[in-house]
Amino acid sequence: MTIHFYIRFFTRPGESLLVTGNTDELGNNDVEKAHPLTWLSHDLWTGTVTINNPQTDVIHYSYIYKGMDGFQVQEWDDHKTIDISKKPMQEIRVMDNWNPAGEFENAFYTDPFQEILLKEQETRTKAKPVKNATHYFKVKAPLLEKNEVVCLLGSNRALADWDETDPVLLHRENNWWAVKLHLPKESFPIQYKYGVYNIKSKSFVRFETGENRWLHGDALVNTLTILHDGFVRLPNATWRGAGVVLPVFSLRSKNSFGTGEFTDLKLLVDWAVKTGMKMIQILPVNDTIATHTWMDSYPYAAISAFALHPLYLNISKVAGKEFADLIKPLKKKQVQLNELSEVDYEAVMHVKQAAIKELYMVQKDKWLKDPDFAKFFYQNEHWLVPYAVFCSLRDRFGTADFNQWKTNNIYNKEAIQKLASPKSKQYDEVAIHYFTQYHLHSQLQEAAAYAHKNGVILKGDIAIGVYRYGSDAWVEPELYHMEMQAGAPPDDFAVRGQNWGFPTYNWERMAAGGFDWWHKRFVQMSNYFDAFRIDHILGFFRIWSIPMNAVEGIMGHFVPALPVYKEEFEQRGIWFNPVRYCQPYINDTVLWELFGPNKEKFYPYLDTAGNQYTLKQDFATQRQVEIHFDALERTEENQHLRQGLYDLISNVILFEQPGSQGREFHFRISMESTTSFRHLEGYVQDKLKELYINYFYQRQEHFWMQEGLRKLPALKRSTNMLICGEDLGMVPQCVPVVMKQLGIVSLEIQRMPKDIHSEFFHPAQAPYLSVVTPSTHDMSTIRGWWEEDRTKTQRFFNTVLGQWGEAPATCEAWINKAIVIQHLQSPAMWATFQLQDLLGMNETLRRENPQEERINIPAIPKHYWRYRMHLTLEQLIKEKEFNEELEEYVRDSGR
């Protein structure tokens, strides 16, 4: 069997194309062993492969582009196939188009669309047998209406001679619309076009746009020509959906237990169906139990990237009818907790964990023999056993910090298997976590299945980091830089930056392992979710890395990053003084500027050095200052001193690159705002500004693009979920380019425009492959934001809403409604809304105080995540007038 590959792809001298597939001759999908193609003419590449001993009946293949610098890009999985099981066919020609990952139509072939959102629109037709077929046409059309099929018309009798009353109808073959035809040799070259035909009304609907397609060559004996023609040229940017966003812990129902539970998602699905919402988006639901205190309420500090949080377990469902009496005594406590306006995390966890322990003890003998559990254990053993043992050791030693454990502080697989053995004395301490995870898994899967049955998809959230003292870091510490902390540079919401405390990823080790940890993580997510949001996708290009001796995010710099070399200062005529630039600049003038008459209170922490000061050795780092003041009484004065010392320590211009022997440096972010910079001569300031701009906005771009393209394509290929990226903050120019190339959905927020020259982003300007939303969990709601900055609100009222006169002091319902409708009418694929913002459209239903609607405040490192709906879901479902009004807005917007 000989296969001739042809593909049109524009290249420049030095660039090349290869083809890979699931046979030895094509390298068995190993890009290093891919078959090279030859440039034929213009933009046409070709290659020939002879299959001598087929290992498969169907070849799956794709193309690879190799740049002059060796950089490779593989086309997105187009499901190109060649059936080689049919005999006596001796030769096959394939005429292909490159499928860029960034083609937005590819999104419609992800699981949420194929399995749920577009499934009802499928129309099937049967393939007609054709003798001696010479050509096999294949094309994709993701957005046909019900009863519509793809048809084919062209310039010969086999293609109906352009007769719209009798076109050639195609049938569905997996993701393709396809038809086999016998084309006479004398009819070439052929012009043809795809169209749409309604099989119910038996009428031609329309042709695809653009010029006619051409088929050159001829029909050869014993040769089949397969044409993978890409997408039918139709207006495919027409599908748009709306979704609601809410953390699971924020849900409130009559039967929940002081917090939202996975079972409550079914009620949210019922409400979504009534209002026309097609998506439910939640925050991370992984286990975060590290301290057994309210600080574990932070959902982005998971002790396992795979385990689910016991907070969301419905214990009544676990008990069932057989053990219902065991939890009856908890009914009174359940009512008390349910009546609270916010989640009492510690109280809820105390009750639930005690109930889980009791239910495990009475069910364990029967439950451990359950075949469903056996299947769950087999599929999840790789993370479940280490996680369960980790939790048992955490509780035995009273800390999640495995460095402090008396035993097993270094992970050893054999030792852990012994602890997890059913013969072990501690087996129940371990197996109770199997029990908990199995029931959480079952309840979340059941909720997801219910959503799918009702045409609603679930969107999860993948945190950018893992907890420093969690199971993942314990098991594979080599995958992380434990000596660093991840965070974010300063922005309008956190002026001193953010320090998340997570270790940063060791991407080199992850890449060496084929990103196996990420692949497993995505597989786990796909058990429950159809789409997911990558938290802080910028971290895949570069992460804000903060040394362990720092507390505030402002002390970090981007990693990886090309440094500034000592010689660069000298080349610009700047006398380089490492002490002046790299150490805190403190003198009496600086102290007065920062603290005024309170400056004398800082003298005890300083040593005199000529006419300047240095910090005493015990207060030289922010971490030392933190430890000192944590041991003191928490008074206003002490807090002022703590923050003042933090500010003095961060009053630097450069950070030296460790190990560079004083030759490589990174600029401190917001350098111009430091008093150290302001005290430099004007000439030096100007030269430093030039270098600062070059460092942050010019020299890194290509480097960071290569970093993103090294990681994200491999990760995207490991799942068929719809991927959305949270691309907010200090966004390099390369990020939107790479996201567009890979077809990753962006996030667009009205009050966080990506154009630095704009104060507000208008939803009408959103790209199609994006999610628009008026607010996120890290921000105030529409109503809360309206009252934060009167001047800004006034400009928004006049320019974005197009209203005359003075803006109302509070966000009246009609204003909130106008903002929601603006987003619904956006051309973006998705418009999502926090539930609070939707309720804000109704004066009666919304919460009285908008400040109580906020979920997180990023500027507060140890924020208590406890927001909860003030209505029950049952009440919300019964609000007929509000639900019908919202459904009308969604329907009228075309979503």
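Although Asn132 is not a glycine, its phi is positive, at about 55 degrees. Keep in mind as you look around that this is a predicted model.

Two other loops hold cis peptide bonds. One joins Phe188 to Pro189, with omega near -5 degrees; Pro189 belongs to the loop between strand 14 (176-181) and strand 15 (190-198). Another links Val559 and Pro560, where omega is about -5 degrees. You will find Pro560 in the loop between strand 28 (557-559) and strand 29 (564-565).

## A kinked helix

Now turn to helix 6, residues 345-367. A straight helix of 23 residues would span 33 Å at 1.5 Å a residue, but helix 6 spans only 28 Å between its end C-alpha atoms. Follow helix 6 along and you will come to a kink of about 45 degrees, centred on Met361.

Helix 24 (residues 813-824) and helix 27 (residues 880-892) have axes that come within 9 Å and cross at roughly 35 degrees. On the helix 24 side, the residues in contact are Lys817, Ile821 and Leu824, and they meet Glu885, Tyr889 and Val890 of helix 27. Sorted by class, this contact has four nonpolar and two charged residues, with no polar ones.

The spacing of such residues has a simple background. An α-helix has 3.6 residues a turn, so residues three or four places apart point the same way.

## The second largest pocket

The second largest pocket has a volume of about 1,700 Å³. Its lining is made up of 49 residues, and the closest to the pocket centre are Gly729, Met752, Pro753, Lys754 and Asp755. Helix 19 (682-697), helix 20 (701-717), helix 21 (734-742) and strand 35 (746-749) are the elements that each give two or more residues to this lining. By class, the lining of this pocket has 25 nonpolar, 15 charged and nine polar residues.

Strand 34 (722-725), strand 35, strand 36 (770-773) and strand 37 (830-834) are the elements giving two or more residues to the lining of the largest cavity. That lining divides into nine polar, seven nonpolar and three charged residues.

Methods
Residues numbered from 1 in each chain as written. Predicted model: local features only at pLDDT ≥ 70, side-chain atom pairs only at ≥ 80, totals over all residues. Heavy atoms only, no water. 1 Å grid on protein atoms, 1.4 Å probe; cavity = no way out; pocket = protein on both sides within 12 Å on 5 of 7 lines; lining within 4 Å. Points joined across faces, edges and corners; volume = space filled by probe spheres on them. Helix = DSSP H or I, 4+ residues; strand = E, 2+ residues; numbered from the N terminus. Nonpolar A, V, L, I, M, F, W, Y, C, P; charged D, E, K, R; others polar. Axes fitted to C-alpha atoms, helices over the stretch in contact; angles between N-to-C directions. Contact = heavy atoms within 4.5 Å. Expected span 1.5 Å × (residues − 1). Bend = angle between axes of the 7 residues up to and from the residue.
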